[in-house]
Amino acid sequence: MVSEAKKFPDLWVDPEDDPRASAGSSATDERSVLVDYLRHFRMTFELKCDGLDAEQMARRSVEPSTMSLLGLLRHLAHVEQVWFRITMEGNEIPRLWGKDQHRDADFDGAVADDAVVAEAWDAWRREVAHAEQFVDRAESLDVVSLHPTRDPITLRELLVHLIEEYARHCGHADLIRERIDGRTGQ
């Protein structure tokens with residue numbers, strides 16, 4: 001049987017070329033295990049979007065869904081913002097993409113425009129960096145959220161939730177990317 005890599009070499013990423021492998025694991029305790037898993041899924045999502053133009057990023061998965069890689073990117077930036085800046089830190093700030101007013105703004109606003117794609121990547125990278133700094137500064141995984149109207153959540157619970165969130169959306173991204181150009185892997 002011929003492997004997928006041999007049949008479609010330009011559509012498959014060789015595990016030896018996978019940047020996640022070079023990142024290695026620093027998992028020596030609970031915090032580093034959670035951080036490593038979250039980093040892995042963030043990088044996996046980023047790899048799923050690699051090399052796509054604005055039209056491909058905004059291409060919808062299948063009717064009637066509004067899901068696209070760009071929509072997922074905007075959604076994940078929003079998720080990072082809500083859980084860290086709003087929930088954990090208790091900041092009262094407007095939600096990205098106008099989600100205060102329109103629940104599906106992250107997906108509905110995901111249009112094939114280079115500026116929209118660039119804005120989404122900038123927001124996601126900014127929110128991920130902020131989240132990583134928050135986790136690095138936290139005294140322990142038992143730190144509790146400060147949002148005055150949401151149920152309290154510990155940093156430990158939040159990290160597990162984000163791993164689940166990213167893993168689910170990486171599965172979506174897998175299927176969307178394969179539909180766009182046949183690329184599989186990661």
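The charged end of Arg74 sits over the ring of Trp97, at 4.3 Å from the ring centre.

Confidence comes next. The protein chain has an average pLDDT of 88, and 85% of the residues score at least 70. Residues 1-12 have a pLDDT below 50, and beyond near neighbours in sequence this stretch has eight contacts in the model. Where pLDDT is low, the predicted coordinates should not be read in detail.

The largest nonpolar core has 48 residues, and Met57, Leu70, Phe84 and Leu155 touch the most other members. Two or more residues each are contributed by helices H3 (30-49), H4 (54-58), H5 (69-88), H6 (105-108), H7 and H8 (155-181). Leaving aside neighbours within four places in sequence, Met57 contacts Cys49, Leu52, Ser68, Leu69, Leu70, Leu73, Val117 and Trp121.

Trp121 leads on to the aromatic rings. A pair of aromatic rings is described by the distance of the centres and the angle of the planes. The structure holds two aromatic pairs. In the pair formed by Trp121 and Trp124, the ring centres are 5.6 Å apart and the planes meet at 75°, so this pair is edge-to-face, the angle being over the 60 degrees that this class requires. Both residues belong to helix H7 (residues 114-137), where they are three residues apart, about one turn of the helix. Trp121 is buried, with a relative accessible area of 12%, and Trp124 is also buried, at 3%.

Terms used. Residues numbered from 1 in each chain as written. Predicted model: local features only at pLDDT ≥ 70, side-chain atom pairs only at ≥ 80, totals over all residues. Heavy atoms only, no water. Phe/Tyr/Trp six-rings, centres within 6.5 Å; stacked < 30°, edge-to-face > 60°. Helix = DSSP H or I, 4+ residues; strand = E, 2+ residues; numbered from the N terminus. Buried < 20%, exposed > 50% of the residue type's maximum accessible area, 1.4 Å probe, protein only. Lys NZ or Arg CZ within 6 Å of the ring centre and 35° of its normal. pLDDT = per-residue confidence, 0-100. Contact = heavy atoms within 4.5 Å. Core = buried A, V, L, I, M, F, W, Y, C linked by side-chain atoms within 4.5 Å.
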